[in-house]
Amino acid sequence: MTRPPTAAQRRVIDAADPVTGRLRGTESQLAALVRHGLAFRHPRPPHDHFLTPAGHRTREGTTAATAPAPGASAPAPAPAPAPARESSGVFTARVGGEEAAETGPARVREVHSAWQGLLELRRMTGTGGAVDRPCAWERTHLVQAAALALEAAGLRPAGAGPEGYRVRATPQPEAVAVREPDATALRECAATLEKAGWQVSEHTEPRTGARYLLASPRRS
């Protein structure tokens, strides 16, 4: 990318689907984004256009996360930030701690659709169409990606009370912390993330003795 996108191109990028990165725009706008490495044209009909990892970073205003050094020790999780909120018309995975969150059939359909969209993004961008490993979008949206995997499996995020999982960022690159006060539910979280392509290890908080998970997207 030799120059920032134009205002019209930026509007196309900002309007991309937040999970799959599917784009809508004129042929000239989409072609320009492809030339600049911010989008790619899917080879199969209907040949839709999608954001590349660089396009997702442009949309989010972020930079790619740095992979952790092999064998690096797992630091204690960072203090929990304020939980992500949902804005009108934009899907947001539940990270735990949201108040008055909808849990009815409409939410179940939204979560299922978002998870299927994420699997499609894995298929389109992964080697050989594999869907068993997290894609680049997940590596730059760790908390949301891990939370979506958990919610899509039917696990319950924490609400106003202590029950349920909470997913939070950590100081370690490419790692999130998952807390769940119930030991059985914590093991279910670990199994779910492993099935979704994450590396998971269990740790103990030194001061409180509470168990928690550290999860990182698997690369191979």
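This is a predicted model: local features need pLDDT of at least 70, side-chain atom pairs count only at pLDDT 80 or more; totals for chains, interfaces and linings use all residues.
Residues are numbered from 1 along each chain as its sequence is written, and local features need pLDDT of at least 70, while side-chain atom pairs count only at pLDDT 80 or more.

Trainee: Is the packing of α1 and α2 roughly parallel or roughly perpendicular?

Mentor: Helix α1 (residues 7-14) and helix α2 (residues 27-35) have axes that come within 10 Å and cross at roughly 85°. Angles under 35 degrees count as roughly parallel, over 145 as roughly antiparallel, 65 to 115 as roughly perpendicular and the rest as oblique. The two helices α1 and α2 are therefore roughly perpendicular.

Trainee: At what angle do α4 and α6 pack?

Mentor: Helix α4 (residues 105-125) and helix α6 (residues 142-152) have their axes 9 Å apart. Their arrangement is oblique, and the angle at which they pack is about 125°.

Trainee: Which residues of α6 make the contact with α4?

Mentor: Contact here means heavy atoms within 4.5 Å. From α4, the contact is made by Arg 107, Val 111, Ala 114, Trp 115 and Leu 118. From α6, the residues are Leu 148, Ala 149, Glu 151 and Ala 152.

Trainee: How many of the residues of α6 are buried?

Mentor: A residue is buried when its relative accessible area is under 20%, exposed when over 50% and partly exposed in between, with a 1.4 Å probe and protein chains only. Among the buried residues of α6 are Leu 142, Ala 145 and Glu 151. Helix α6 is largely enclosed by the rest of the structure, because the buried residues number 8 of the 11.

Methods
Side-chain values use heavy atoms; hydrogens and water are left out. Axes are lines fitted to C-alpha atoms, for helices over the stretch in contact, and angles run from 0 to 180 degrees between N-to-C directions. Helices (H or I, at least four residues) and strands (E, at least two) are DSSP runs, numbered from the N terminus.
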